[in-house]
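Dear colleague,

I am handing over the structure below, and after it I set out what was found. Please read the notes alongside the coordinates.

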Amino acid sequence: MKKIIILFGPPGSGKGTQASLIASNFNFSIFDTGKYIEQIVHAPENLKNKNIRRERENFDSGILNSPFWVLNILKEKTSVFSRAGLSIIFTGSPRTLYEAFGDSGQMGLVKFLEKSYGKKNIHFVYLNISPETSIWRNSHRKICVTCSAPILYKKRAPQVCPFCGSPVRQRSLDKPEIIKVRLKEYKERTFPIIERLKKAGYKINFIDGEKPPYIIYKNIISKLKLNDG
Ligand SMILES: [Zn+2]
């Protein structure tokens, strides 16, 4: 049975790390909206496109991309996954009420997923961390220049990627002034989705995101009963 997992949580809550763990153990495809949009807005062939230039400026300053534009991209990609019979784990969608629920003119992501996956196969997980943790983790985060693996560390950052040996770099989105914008955007525009989902009858699985990654992972699979098939 194909399934959907939607991971919510402020920047730095470990969505990417948990998505890779779940994907490799339970055969999910990861849809990382941030990474996907980054590729589109920075693609050389899109540099002169006016609409995309505006989206690029938003993206690079930490402001969420236009919900209408993002929702179209999301649904397009999602139907490709769905037709291929794949389970998907989302790490950066939906980010706004509009992306989640749409309006009278456009169906939102949640309804769209219900149609192709069935309501009972859609699971929501919220990785909860404090604003302080979010800022600390983002300002210390590095990623691999080759395989984009997030590099976790406690006291000192490794200088090379533990997976492929490439150098690591800081993401431009993780500069302190940009993190503040991202956190504010998250609080004001993404968090309200949770209440609407509860009203729509969905259970939100809250998980303590301050714990070490392997504990968080165990808690997610036990809450979602992934081991039971
Ligand atoms: Zn690497």
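Axes here are lines fitted to C-alpha atoms, for helices over the stretch in contact, and angles run from 0 to 180 degrees between N-to-C directions. This is a predicted model, in which local features need pLDDT of at least 70 and side-chain atom pairs count only at pLDDT 80 or more, while totals for chains, interfaces and linings use all residues. Residues are numbered from 1 along each chain as its sequence is written.

The chain has ten helices and eight strands, these being DSSP runs numbered from the N terminus (helices H or I, at least four residues; strands E, at least two).

Helix H7 (residues 131-140) packs against helix H8 (residues 176-190) at an angle of about 140°, with the axes 10 Å apart. That makes H7 oblique to H8, since angles under 35 degrees count as roughly parallel, over 145 as roughly antiparallel, 65 to 115 as roughly perpendicular and the rest as oblique. From H7, Pro131, Ser134, Ile135, Asn138 and Ser139 meet Pro176, Ile179 and Leu183 of H8, contact being counted if the C-beta atoms, placed from the backbone, lie within 7 Å.

An open sheet is formed by three strands in the order S6-S5-S7, with antiparallel pairing; two strands pair if DSSP finds at least two bridges between them. Strands S6 (150-151) and S7 (168-169) stand at the edges with a single partner strand each, so one side of each is left without a neighbour in the sheet. Strand S5 (residues 142-144) is joined to S6 by two bridges, and Lys142 stands opposite Ile151 in S6.

Kind regards

Note on methods
Contact = placed C-beta atoms within 7 Å.
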